[in-house]
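Have a look at the picture before reading on.

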Amino acid sequence: MRLYDTYTRGKQELPEAPGPIRMYFCGPTVYARAHIGNARPFVIGMWLRRWLAERGYDATLVHNITDINDKIYDAAPGASAELAARATEWYLHDTADFGLGMPDEQPLASDLIPQIVAAIEQLVEREYAYEVDGDVYYRVSKFPDYGKLSGQRPEQVEEQEPNARKEDPRDFALWKANKPGEDTSWDSPWGRGRPGWHIECSVMAEELLGPSFEIHGGGLDLVFPHHENEIAQSRALGHPFAKLWAHNGMLRFTGEKMSKSEGNVTTIRDALDRWGSETLLVFFMTAHWAKPIDYSDETLTAAEARAASLREVFRNRSESAPAGEWERFAAALDDDFNTPEALSIMHSWRDHELLRRALDVFGIASLAETEEAPAEVRELAERRQEARANGDFAEGDRLRSEIDAAGWVVRDVAGGFQLVPKR
């Protein structure tokens, strides 16, 4: 299996099955209800784990939650811990409703403070970091490969955390001294404070997956500075860290990146309540994971129609697929996890067993379920059939409207009728 790697700018082969394949996908910073764009790395990570398992791999997925961050302090001065805990519960509940299961581990940054402090101490001892007034900064100039992941030229990197007392404007924070209004802090050799964002992820990944692991995922917007800084920190400690960097394209709202700062946010909860998990998962399949995807009524309506088309297959007789069809499907996913190609292949199948197996990879095997209409709806359909047989087409139309209002569609088929639930 091959995946595109941001670091080398090309597709890289994964180890042969059974691997292992250890994956770390960056999760959300929890200070509000997560938007639907936050769901894309979660969904892609879960799909990859499911497909790798299907292919015989021992696959592990870690998906972290950042519950210590400036954004949380800003959103709830004096009550950041309470907000983070509440928003964490929202995120876990909302992502569970996709029906994909959950990652193997979902660590919280706040649970690993001693390990984070220990890592920073090692960086200071190795002279990759230094303290200024209770803050600790990473020396970017000491890491010659800085900028290789993102393509940034080190001499052109802009200052990430302004502080006139830093040795170099490019240096970034590993530890931040406690400030007024920040209601959570921990002891450290440099005084009370809390970790910087980047060191949190390095430590969470290595604590659960080891100093070297196969895949690091996350949104394309994290390449710089977040992931660039993760590499610098971990490799300064002598750890190889991630072997392959898989960055998903951004979700765009009518062509623009969805973000809280832009005010064009649809939450995961809102999207699930409006469209349902099946439509949303089919929607995510329609674009290659590394490319942007546009979120709009038009694209979601199209995905809803594609889900309905897949469901329709199971309301008709199964037709055996030609030999080699599963291998064709597998080849699409093995070559950079090409879900649009896989979806196109699935749409060509009328083989119930084969299609159900493929749907299960993406957590939408529910499309294969058939549903019996309630007795009262069947009675309406029978009365409609009788009215039409007697030539009373006006009554037939009226009964069709009643059936429609009850949430069902009646279809005339040879020898009778068929009732299909509206979705």
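**Starting from one valine**

Leaving aside residues up to four places away in sequence, Val124 touches Ala129, Val136 and Trp190, where contact means heavy atoms within 4.5 Å. Before going further, keep in mind that this is a predicted model, with local features needing pLDDT of at least 70, side-chain atom pairs counting only at pLDDT 80 or more, and totals for chains, interfaces and linings using all residues. Residues are numbered from 1 along each chain as its sequence is written, and side-chain values use heavy atoms, with hydrogens and water left out.

Val124 sits in helix α4, residues 113–125. Helices (H or I, at least four residues) and strands (E, at least two) are DSSP runs, numbered from the N terminus. For the cut-offs, buried means under 20% relative accessible area, exposed over 50%, and partly exposed in between (1.4 Å probe, protein chains only).

Now for what α4 lies on. The helix lies across β5, β6, β7 and β8, running at about 125 degrees to β7. Axes here are lines fitted to C-alpha atoms, for helices over the stretch in contact, and angles run from 0 to 180 degrees between N-to-C directions. Those strands form an open sheet of four in the order β5-β6-β7-β8, with antiparallel pairing; two strands pair if DSSP finds at least two bridges between them. At the edges are β5 (129–132) and β8 (193–195), each pairing on one side only. From one strand to the next, the twist averages 20 degrees. Inside the sheet, β6 (residues 135–138) and β7 (residues 172–177) run antiparallel and are joined by three bridges, with Tyr138 opposite Phe172 in β7.

There is another open sheet of four strands, ordered β4-β3-β9-β10, and its pairing is parallel. Its edge strands are β4 (59–63) and β10 (241–248), each pairing on one side only. Neighbouring strands are turned by 25 degrees against each other on average, direction ignored. Strand β3 (residues 21–25) runs parallel to β9 (residues 212–219), and three bridges join them. Look for Phe25, which stands opposite Gly217 in β9. Helix α1 (residues 36–54) packs on this sheet, touching β3, β4, β9 and β10, and its direction makes about 170 degrees with that of β3. Helix α5 (residues 197–209) also packs there, touching β3, β4, β9 and β10, at about 155 degrees to the direction of β3.

Next, a pair of helices. The axes of α9 (residues 325–334) and α10 (residues 339–347) come within 7 Å and cross at roughly 160 degrees. That makes α9 roughly antiparallel to α10, a label for angles over 145 degrees. The contact involves Glu325, Arg328, Phe329, Ala332 and Leu333 of α9, facing Thr339, Glu341, Ala342, Ile345 and Met346 of α10.

Finally, step back to the whole protein, which has 13 helices and 15 strands. Its C-alpha trace spans about 90 × 50 × 35 Å along the principal axes. Of the 423 residues, 52% are buried.

Note on methods
Angles under 35 degrees count as roughly parallel, over 145 as roughly antiparallel, 65 to 115 as roughly perpendicular and the rest as oblique.
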